[in-house]
Amino acid sequence: MMYQVTGTGLQAAPITTTILPDSGTALANNTIYNVAVTVGTYAFTPPATGWAHGKFTTGSSASVSFAGTFLGAAPTIEASKTYEFDVLNGVWVVQEVVSA
């Protein structure tokens, strides 16, 4: 297992996956999600502890929700757009990805 040094000691290196868990199931802690398929209806649930990061694209019809609280305003998720998220201890930051 690989480890990275943090301010509080060693932490296992993050896991990267292209698959989300079943809708409503908690994301895994210390995991980066690069979702390979479009997301239609999905309920994001934060890890029980820790953090997760990810990027996903919505399908032509999207109904996406997030359990927990937001740093800033809750996003309006629209169809056929790409979003990136970070969640730490149940607090989300979600933003549309736009190109310059």
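Q: Which backbone oxygen lies 3.1 Å from a polar atom of the side chain of histidine 53?

A: That is the backbone oxygen of phenylalanine 85. This is a predicted model, where local features need pLDDT of at least 70 and side-chain atom pairs count only at pLDDT 80 or more, while totals for chains, interfaces and linings use all residues. Residues are numbered from 1 along each chain as its sequence is written, and side-chain values use heavy atoms, with hydrogens and water left out.

Q: Is histidine 53 buried or exposed?

A: Buried means under 20% relative accessible area, exposed over 50%, and partly exposed in between (1.4 Å probe, protein chains only). Histidine 53 has 18% relative accessibility, so histidine 53 counts as buried.

Q: What is histidine 53 in contact with, leaving aside its neighbours within four places in sequence?

A: Contact means heavy atoms within 4.5 Å. Here the partners of histidine 53 are Thr31, Ile32, Tyr33, Glu84, Phe85 and Asp86.

Q: How many salt bridges does the structure hold?

A: A salt bridge is a side-chain nitrogen of Lys or Arg within 4 Å of a carboxyl oxygen of Asp or Glu. This structure holds two. Lysine 81 pairs with glutamate 78, their closest N and O atoms being 2.8 Å apart. Lysine 81 also pairs with glutamate 96, with the closest N and O atoms 3.8 Å apart. Together, Glu78, Lys81 and Glu96 are linked in a network.

Q: How exposed is lysine 81?

A: Lysine 81 is partly exposed, at a relative accessible area of 26%. Glutamate 78 is partly exposed at 37%, and glutamate 96 is partly exposed at 31%.

Definitions and conventions:
A polar contact is a pair of N or O atoms within 3.5 Å; within protein, one must be able to donate a hydrogen and the other to accept it, and residues adjacent in sequence count only if both atoms are side-chain atoms.
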